[in-house]
Amino acid sequence: MLAVSDLHAYYGKSHILHGVTLRVNEGEIVSLLGRNGVGRSTTIKAIMGDVHAEGSIRFRDEELCGLPPYVIAHKGLGYVPENRDIFPTLTVRQNLLLGVKNTRHAGRWSMDDMFRLFPSLRERADTPGGVLSGGEQQMLTICRTLIGDPHLIMIDEPTEGLAPMLVKQVAEMLVRIAERGVSILLVEQKLTIALTISRRVYVMGHGRVVFEGAPDDLRRAENVRKEWLEV
Amino acid sequence: MEQIVLFSILNGLVFGMLLFMLSSGLTLIFGMMGVLNFAHASFYMLGAYFAYTLASRVGFWPALVLAPVLVGLLGALVERHGLRRVHRFGHVAELIFTFGVAIVIEELVQLVWGRPAKSYQVPAALDFPLFHLFGSAFPAYKAFMLLVSVAIFVFIFAILTRTRAGLIIQASLTHPGMVAMLGHNVPRVFMIVFGIGCALAAVAGVIAGPVLGTFPGMAQVLGSVVFVVVVVGGLGSLSGAFVASLLIGTLQTFAVALNVSVGNVLMAVGVPAAASAALHDVWKVTVAQVAPILPYLLLVLVLMIRPTGLFGTRET
């Protein structure tokens, strides 16, 4: 469904991505792992059109490379940023409303679905997004993207800074999202949830993919974990 | 005295709301694009001139609607084919671009309509005193100006807070990248806001034209005060622009109405300096004479005490 090949990206003169190639199939949860600064976030920002890139990004038989972000969003790609870019002065409900792309055509998720997934968001529906806790903000960002009905959602470090209880909740939620037929490309630094919920994993190092395989393959590949993941 | 206070408040409201029609657009455009649009008051001037020409053909009322629509479209074109291209070269280039647009508009206005002020009359239907109080008349036209600007204020407020489009605009003020990735065409939102901002300035131009004068320098006269308003209110803050517009509007009308000298004021607050012969010329200056300086004085004070402006969040 998503096939990225030989993707290059630059920040000014520095070459960040050196030909990234990866693929996500229908309904799959795929994790993109690696240490900080290896280009994981840049990869998904490039796919979303937020970072200028060269190469090929094919999504549902269309080439996306070079299109502006809002067009890419309408093709069915969703992006959940790492910094939980919620709109702080708008209420939870208004934040969700902004995630809706097409007001005339109902997608697979309604506002009520979101509140059912996260009852705490319903309680805080009329609270400004800026005063939510870190965990609630993370839920809100994921829901805001989901309500736009993407076929594939790319999530950047959703468990960063969350308590272990919440990390588990996020993992369960991602599984439920995938069950509804939404593919997930998950960027993570820690292996914990990535290995338990992903069907396949990629490991990145120095701007390229250095490992590809099933979670069990990565569990066995001690040298890969040592060289590219463990600190 | 009651007469001066009451009429100054009324006139201050009229002038303040007029300022708000310009400052609201300017501050929204700044909030979104990070660019202080030097040409903003030029669109106000275009509104007045377009209305002057249109009014002579189709009458004042159709001109009140048509002129802002035309100016709004022109503004949208300037954004779409000018500012958007210049944007990638950075803020300095954008600033200079808007400066250039202001000069081009001023020169074109002189070329088309000439240098002398246009004798542009208040429409006959509104040319009567609305009421008399303490022996002075309050013209119906000023009440009409107030009515139009309040209606526009309510309209903008409703759109920004009650509609989805308004939410998109609010969110784009702070997080344009995220709004785009949620599927909204942010450049188009910018263009529409720029166009509406210009149209609002033009409405101000149409209604102010007969009162403040329709002449090629009108953009500069009001433009500099409008900049003071948005900086005092806090760049990018709509509520700040509203408060600062009314503040500066009333401040100026009060100062103009007060026919006392600086010396009198100092005496009244207990500074005896005015009685002496030294600096005699300074003490004779009346408050009305310093009125034009007051907004700038306020600007300097606000920037010294609160550099973000009254309601702003970023340094100016």
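**Exercise 1. The interface**

How many residues of chain B are in contact with how many residues of chain A?

*Solution.* This is a predicted model: local features need pLDDT of at least 70, side-chain atom pairs count only at pLDDT 80 or more, and totals for chains, interfaces and linings use all residues. Residues are numbered from 1 along each chain as its sequence is written, chains are lettered from A and ligands numbered from 1 in the order written, and side-chain values use heavy atoms, without hydrogens and water.

Step 1. Contact means heavy atoms within 4.5 Å. On that rule, 15 residues of chain B meet 23 residues of chain A.

Step 2. Turn to buried area, the accessible area (1.4 Å probe) that two parts lose on being put together, summed over both. Chains B and A bury about 1700 Å² between them, with 69% of it on carbon and sulfur atoms. B:Arg164, B:Met181 and B:Leu182 supply 39% of the area that chain B buries against chain A, more than any other three residues.

Step 3. A salt bridge needs a side-chain nitrogen of Lys or Arg within 4 Å of a carboxyl oxygen of Asp or Glu.

**Exercise 2. The partners of A:Arg200**

With which residue does A:Arg200 form a salt bridge, and which parts does the pair tie together?

*Solution.* Step 1. Helices (H or I, at least four residues) and strands (E, at least two) are DSSP runs, numbered from the N terminus. A:Arg200 sits in strand β9 (residues 200–205) of chain A.

Step 1. The salt-bridge partner of A:Arg200 is A:Glu28, with the closest N and O atoms 2.9 Å apart. A:Glu28 lies in the loop between β2 (14–24) and β3 (29–33) of chain A, so the pair ties together parts that are 172 residues apart in sequence.

Step 2. Buried means under 20% relative accessible area, exposed over 50%, partly exposed in between (1.4 Å probe, protein chains only). A:Arg200 is buried at 13%. A:Glu28 is buried at 2%.
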